[in-house]
Amino acid sequence: MIHVVLGGPDPALTMIDFSPNDLVVGVDRGAMRLLDQNFSVDLAVGDFDSVSEEEFNTIASVARKVVRLKPEKDDTDTEYALKMIADMNRSDDIMLYGAFKGRLDHTLSNIWLGYQPRFASILTRLHYRSQRAIGCFFTPGTHLVTQYKNWKYLSFISLTPIKGLTLDGSKYPLDNVDLSYPMALISNEFLPSHPVNKEKGAEKSLQMTLSFEEGTILMLQTIDD
């Protein structure tokens, strides 16, 4: 797994679950946040305009690899980091932490990564993690969605027009519906009548099925503040 910690506030570092072969990437101030919590950093990337020179020197002395970008550039720090990851010979999931906090324009930029053709090869491996929201992208097909912990809300954000959208096993189902423009279908919920045991003795989780024929969808699971 590849863990990418962004520079926004509250990057949900407590949600990181490491395995021996995982790669840890700190983007701009995200690298310092990792070091402050005694995490190792395999790659630190960004223009580092949100850290002091002293903090950057700390990052440079501890991280295994550092890529310092010019502040004036066409890509955001996050986009540049994902370009580097896309070029790596890896096929594991990519977890983004801290994408939904801080400035609204940063949040939208992180969500709209799904629009960019250059990230098509990693899109379905890209996952968002924050204290009150998790998310991932879906491309056409049939997908089984499992409830995260006991989080209540389930939302589907269409980034494009959608053809043949079906939601089965949710409080507000749909059957073969076309969306002619991007739409946020929010505050849906899993049905208690669709439980599944992940393993013997484990707490029950809920599941539902999402299917569609054309388009791109961002799925979010959230809880109240």
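Which element gives the largest share of the lining of the largest pocket? In this predicted model, that share comes from α4, which contributes four residues. Residues are numbered from 1 along each chain as its sequence is written, and local features need pLDDT of at least 70, side-chain atom pairs counting only at pLDDT 80 or more, whereas totals for chains, interfaces and linings use all residues. Side-chain values use heavy atoms, with hydrogens and water left out.

The largest pocket holds about 520 Å³ of space, a pocket being an open set of points on a 1 Å grid over the protein atoms alone where a 1.4 Å probe fits, with protein on both sides within 12 Å along at least five of seven lines, and lining residues having an atom within 4 Å of a point. Its lining comprises 24 residues, of which Asp28, Thr76, Asp77, Thr78 and His106 are the closest to the centre. Two or more lining residues come from each of α3 and α4 (104–111), where helices are DSSP runs of H or I of at least four residues and strands are runs of E of at least two. By class, the lining divides into four nonpolar, eleven polar and nine charged residues.

Helix α3 is largely enclosed by the rest of the structure, because seven of its ten residues are buried, that is, under 20% relative accessible area with a 1.4 Å probe, protein chains only. The buried residues of α3 are Asp77, Thr78, Glu79, Ala81, Leu82, Met84 and Ile85.

Residues up to four places away in sequence aside, Val4 touches Val25, Val27, Ile85, Ile94, Met95, Leu96 and Tyr97, contact meaning heavy atoms within 4.5 Å.

The domain assignment gives domain 1 (2–131) and domain 2 (137–222), with bounds taken from an automatic or database assignment. The C-alpha centres of the two domains lie 27 Å apart, and their contact takes eleven residues from domain 1 and nine residues from domain 2.

Definitions and conventions
Points joined across faces, edges and corners; volume = space filled by probe spheres on them. Nonpolar A, V, L, I, M, F, W, Y, C, P; charged D, E, K, R; others polar. Buried < 20%, exposed > 50% of the residue type's maximum accessible area, 1.4 Å probe, protein only.
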